[in-house]
Every structure is written in C-alpha cells, then in structure tokens.
Amino acid sequence: MTKHITLHNRQVSYTLKRSQRAKRMRLTVYCTGDFVVTVPHTLQNDHIDRYLIQKSRWVLEKMDFFDELRNKQPKVFSDMNSEDMQQKALELVTKKVQRFNRKLKLKFNAINIKDQKTCWGSCSKRKNLNFNWRVVLLPDDLANYIVVHELCHLKEFNHSRRFWNLVASVLPNHSELTKDLKAKGLMVS
Ligand SMILES: [Zn+2]
C-alpha cells in the first residue's frame with residue numbers, strides 16, 4: 001500500500017508492508033529512491049507516523065543522497081543505455097581490482113556487474129566478485145573501499161580482525177570510509 005507523510009515540510013511517499021514475521025519496524029531506502037516501511041501486522045497507524053517523524057532526518061538524508069546519485073546519472077551517461085552503463089562500471093571496477101590486487105595477489109573467478117537495489121558489492125563462496133553498476137556514480141574513495149572490501153573477502157570470508165587488517169594493508173583510512181558508507185546507508189556485504 002502506498003502511503004504519504006510530510007517530514008520536515010517534504011511530502012514523502014512510501015510502501016507500507018505489514019508482515020506477520022516482523023517484530024519491529026524496519027525502514028529501507030533503496031538506491032532507486034523507493035522507500036519501504038515494514039511493520040508488524042498489528043501495529044497501529046499512529047505508531048508508524050510517530051516513528052517516521054522520529055526517524056525523519058535519517059530517511060531524508062538517504063533520499064537526498066540517492067536523488068543526487070540519480071541526478072548525476074543522466075549527466076554522466078547522457079546517451080548511454082543500461083548495457084553501456086554496466087560496461088562502464090565493469091571497466092572501472094576491473095581497473096580498481098587490478099590496482100589493489102597487485103599487492104593482495106588474490107585469486108578470483110569472475111567480476112560481475114549487477115543491478116541491485118540494496119547491495120553495492122558482494123563476494124561469493126565460488127570466488128566471484130559482484131558489484132552494483134552504480135559504483136561508477138560514487139565518489140572515487142568509496143568505490144575503492146567497496147572493491148577492496150570484496151577483494152579481501154576472497155581470503156577472509158568474514159569480518160574478523162584478520163579481514164580488517166587485510167583491508168587496512170591497502171586502505172589505511174578504511175574506518176573513515178566505512179563510517180561514510182554507513183551514514184549514506186550503502187550496504188556492502
Ligand atoms: Zn563484508
């Protein structure tokens with residue numbers, strides 16, 4: 001169900017999902033700009049409104065960031081179709097993988113570019129590196145971080161101290177970048 005609410009004088013639309021399984025409210029702003037609110041099925045509407053108002057700064061910040069990314073899109077890729085954009089993303093990511101892997105020297109099978117709503121990068125157990133094509137729209141240092149994070153998962157398939165030490169060996173300022181990504185609501189797995 002699509003609903004509307006005014007947060008800080010801005011009208012915001014969202015999809016309300018009532019879930020039998022949800023124990024708490026969950027807010028998700030996708031990089032497509034879609035905003036989904038998942039709530040326990042019995043929760044009353046005025047609770048939802050109150051929660052959204054309480055979280056309004058978080059919601060608007062995410063929406064602004066993704067709006068900005070989408071606005072950049074036509075400028076950078078004025079006459080590109082989505083295949084061209086994926087190609088462009090693959091070139092960028094491949095260059096970064098090569099650059100950072102010169103030091104890390106890790107083996108992988110393939111680099112895949114995906115059109116995902118939430119996740120910016122992932123690494124499969126079969127040693128495939130996956131990236132969201134929208135990394136081409138991100139500031140360079142954030143794109144670097146996403147690439148290094150997934151590369152390091154080739155060796156350490158977890159977020160252990162050993163994993164973070166490996167990340168730090170090529171990106172000493174990784175903790176600032178992680179904070180920045182978290183603040184922007186970008187998920188890396
Ligand atoms: Zn990870």
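A nonpolar core is a set of buried Ala, Val, Leu, Ile, Met, Phe, Trp, Tyr and Cys residues joined through C-beta atoms within 7 Å. A residue is buried if 20 or more other C-beta atoms lie within 10 Å of its own, exposed if 12 or fewer, and partly exposed in between, with C-beta atoms placed from the backbone. The structure on display is a predicted model, in which local features need pLDDT of at least 70, side-chain atom pairs count only at pLDDT 80 or more, and totals for chains, interfaces and linings use all residues. Residues are numbered from 1 along each chain as its sequence is written.

**The whole chain**

The mean is 88, and 95% of the residues reach 70 or more. Next, display the cartoon: six helices and seven strands are present, where helices (H or I, at least four residues) and strands (E, at least two) are DSSP runs numbered from the N terminus. From the N terminus on, their order is β-β-β-β-α-α-α-β-β-β-α-α-α. Along its principal axes, the C-alpha trace spans about 55 × 45 × 30 Å.

**The two domains**

Select residues 2–76 for domain 1 and then 82–184 for domain 2; these bounds come from an automatic or database domain assignment. Their centres, taken over C-alpha atoms, are separated by 27 Å. Seven residues of domain 1 are in contact with five residues of domain 2, contact meaning that the C-beta atoms of two residues, placed from the backbone, lie within 7 Å.

**The largest core**

Now select A89, V93, F131, V135, I146, V147 and V148, which touch the most other members of the largest nonpolar core, a set of 23 residues. At least two residues of this core come from each of α3 (82–104), β7 (128–132), α4 (140–153) and α5 (161–170). The most, seven residues, are given by α4.

Centre the view on A89. Which residues is A89 in contact with, leaving aside its neighbours within four places in sequence? They are I113, F131, W133, V135 and V136.

**The second core**

Finally, select F35, V39, L52 and F66, which are among the nine residues of a second, separate core. Across the chain as a whole, buried residues make up 22% of the 189 residues.

Note on methods:
pLDDT = per-residue confidence, 0-100.
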